[in-house]
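Visitor: I am new to this structure. Could you take me through it step by step?

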Amino acid sequence: MSIWWSLHLRREAASVPLARRLLIGTMETAGVDPDISYDLSVALSEACANAVEHGGDTACGGPGSEAYRVTAYLDGEKCRIEVADAGPGFPAASAGRSRPPIRPAHSDAENGRGLCLIEQLADHVHIGNKPGRGGAVVSFDKVLKWRKDVAPLMAV
């Protein structure tokens, strides 16, 4: 089974639940275990919220800075999700590091927990900048488990 979709969304708070509902609906239809669907939907919500908050360049004001892209792949036994924006991207990685460090937020902090949550909920996470044009890319994947009461959606 292989399903993929891609959304080009405005950087507005209302876009976050839209992406989340589409992902949950896709996984429910495919027969993915609800716990896995929930974990991935929370991770997606965090990545989208970051793109909405940080993903634009207000100095440029171009049309690309007002949008971000979400792509999801359910392929075989794995789901991969990518969220890409047109913002300033992440600070340059330190020498010898392929990506910027993720620092846990304080327990009483109201924000700053998103990337840590994504790392805890997904099996593999890649956080970096888009080459050339700028912007951040957060991609993550998780091995899928299937509901026991429904046969997984299979290619015909």
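Predicted model: local features only at pLDDT ≥ 70, side-chain atom pairs only at ≥ 80, totals over all residues.

Visitor: Let us begin with D141. Where is it found?

Guide: D141 is found in strand β5, residues 136-143. Helices (H or I, at least four residues) and strands (E, at least two) are DSSP runs, numbered from the N terminus.

Visitor: Is D141 buried or exposed?

Guide: D141 is buried, with a relative accessible area of 4%. Buried means under 20% relative accessible area, exposed over 50%, and partly exposed in between, using a 1.4 Å probe and protein chains only.

Visitor: Which side chain makes a polar contact with D141?

Guide: The side chain of R80 does, at 3.2 Å. A polar contact is a pair of N or O atoms within 3.5 Å; within protein, one must be able to donate a hydrogen and the other to accept it, and residues adjacent in sequence count only if both atoms are side-chain atoms.

Visitor: Which strands pair with β5?

Guide: β3 and β5 pair in the antiparallel sense over seven bridges, and six bridges join strand β4 (residues 124-129) to β5, also antiparallel. Two strands pair if DSSP finds at least two bridges between them. F140 in β5 is the bridge partner of I81, while V138 in β5 stands opposite I127.

Visitor: How many residues of β5 are buried?

Guide: Seven of the eight residues in β5 are buried.

Visitor: Moving on, how many residues does the largest nonpolar core have?

Guide: That core has 37 residues, and those with the most contacts inside it are L40, L44, Y68, I81, V83 and F140. α2 (34-54) is among the elements that each supply at least two residues, and α2 gives the most, with nine. A nonpolar core is a set of buried Ala, Val, Leu, Ile, Met, Phe, Trp, Tyr and Cys residues joined through side-chain atoms within 4.5 Å.

Visitor: What covers the buried residues of α2?

Guide: The cover includes α1, β2, β3, α3 and β5. Contact here means heavy atoms within 4.5 Å. Among the buried residues of α2 are L40, A43, L44 and A47, and F140 touches each of these four.

Visitor: Now to charges. How many salt bridges are there?

Guide: The count comes to six salt bridges, a salt bridge being a side-chain nitrogen of Lys or Arg within 4 Å of a carboxyl oxygen of Asp or Glu. One of them joins D39 and K142 at 3.8 Å, N to O. That pair links distant parts of the chain, with D39 in helix α2 and K142 in strand β5, 103 residues apart.

Visitor: Which residue forms a salt bridge with E66?

Guide: R11 does, the closest N and O atoms being 3.8 Å apart. E66 lies in the loop between α2 and β2 and R11 in the loop between β1 and α1, so the pair ties together parts that are 55 residues apart in sequence. E66 counts as partly exposed at 38% relative accessibility, whereas R11 is buried at 18%.

Notes:
Residues numbered from 1 in each chain as written. Heavy atoms only, no water. Lists of a residue's contacts leave out its neighbours within four places in sequence.
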